[in-house]
Amino acid sequence: MLKSIKPPTLEEVQKSTIIDLAIMTGLADSFRDSLRRYIHIDPFTMPDPFTDKDDYDYFVIADKRQPNRVVAMIVINKDLLPEIPWDNILGIRLIILPISKQNAVELKYEIMPKDTNNFYPLRRSGRITGYAMFAYQICGLHQ
């Protein structure tokens, strides 16, 4: 039986090593390729989806083996929840974990301290249904 996996804490992410970052980057690249089979990912980034409105659900894609390895952050519009075959996209190595908006903001600023334009729009049938930020975009830990 698989134990319950929780989203990583800031402290766990701060302890990431260069080896963790390399693994996260490789997993993020594979995850993006799998995600593209079901969702169009725009080639440009947009402002971070952390507005005052509560229009989104926030998720972390993490390595099941070591959840402190954040592979991606996914933000999905609550009104446009697309039916996505997550099991096919994630495979056996990755897991999708819901997180609060506050935790998403803190985690984003920890791994991507750049202020804005960190998220790629995700489209289904031409409409933006969410946003994604991938580990290969990490520009350093905030600390």
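This is a predicted model: local features need pLDDT of at least 70, side-chain atom pairs count only at pLDDT 80 or more; totals for chains, interfaces and linings use all residues.
Colleague: Is Asn77 buried or exposed, and at what relative accessibility?

Modeller: Residues under 20% relative accessible area are taken as buried. Asn77 therefore counts as buried, its relative accessibility being 15%.

Colleague: Which residues does Asn77 touch, not counting those up to four places away in sequence?

Modeller: With residues up to four places away in sequence set aside, the contacts of Asn77 are Asp55, Tyr56, Thr129 and Gly130.

Colleague: How many aromatic pairs are found in the whole structure, and what is the geometry of Phe50 with Tyr58?

Modeller: The search of the whole structure gives 7 aromatic pairs. Among them is Phe50 with Tyr58, whose centres are 5.8 Å apart and whose planes make an angle of 15°. Planes under 30 degrees apart count as stacked, so the geometry of Phe50 and Tyr58 is stacked.

Colleague: Why is the pair of Phe50 and Phe119 edge-to-face, and how many residues apart in sequence are the parts it ties together?

Modeller: The ring centres of Phe50 and Phe119 lie 5.7 Å apart with the planes at 85°, and the pair is therefore edge-to-face. Phe50 sits in the loop between β1 (40-41) and β2 (56-63), while Phe119 sits in the loop between α4 (101-111) and β5 (120-124). The pair therefore ties together parts whose separation in sequence is 69 residues.

Key: Residues are numbered from 1 along each chain as its sequence is written. Side-chain values use heavy atoms; hydrogens and water are left out. Rings of Phe, Tyr and Trp (its six-membered ring) pair if their centres lie within 6.5 Å; planes under 30 degrees apart count as stacked, over 60 as edge-to-face and the rest as tilted. Helices (H or I, at least four residues) and strands (E, at least two) are DSSP runs, numbered from the N terminus. Buried means under 20% relative accessible area, exposed over 50%, partly exposed in between (1.4 Å probe, protein chains only). Contact means heavy atoms within 4.5 Å.
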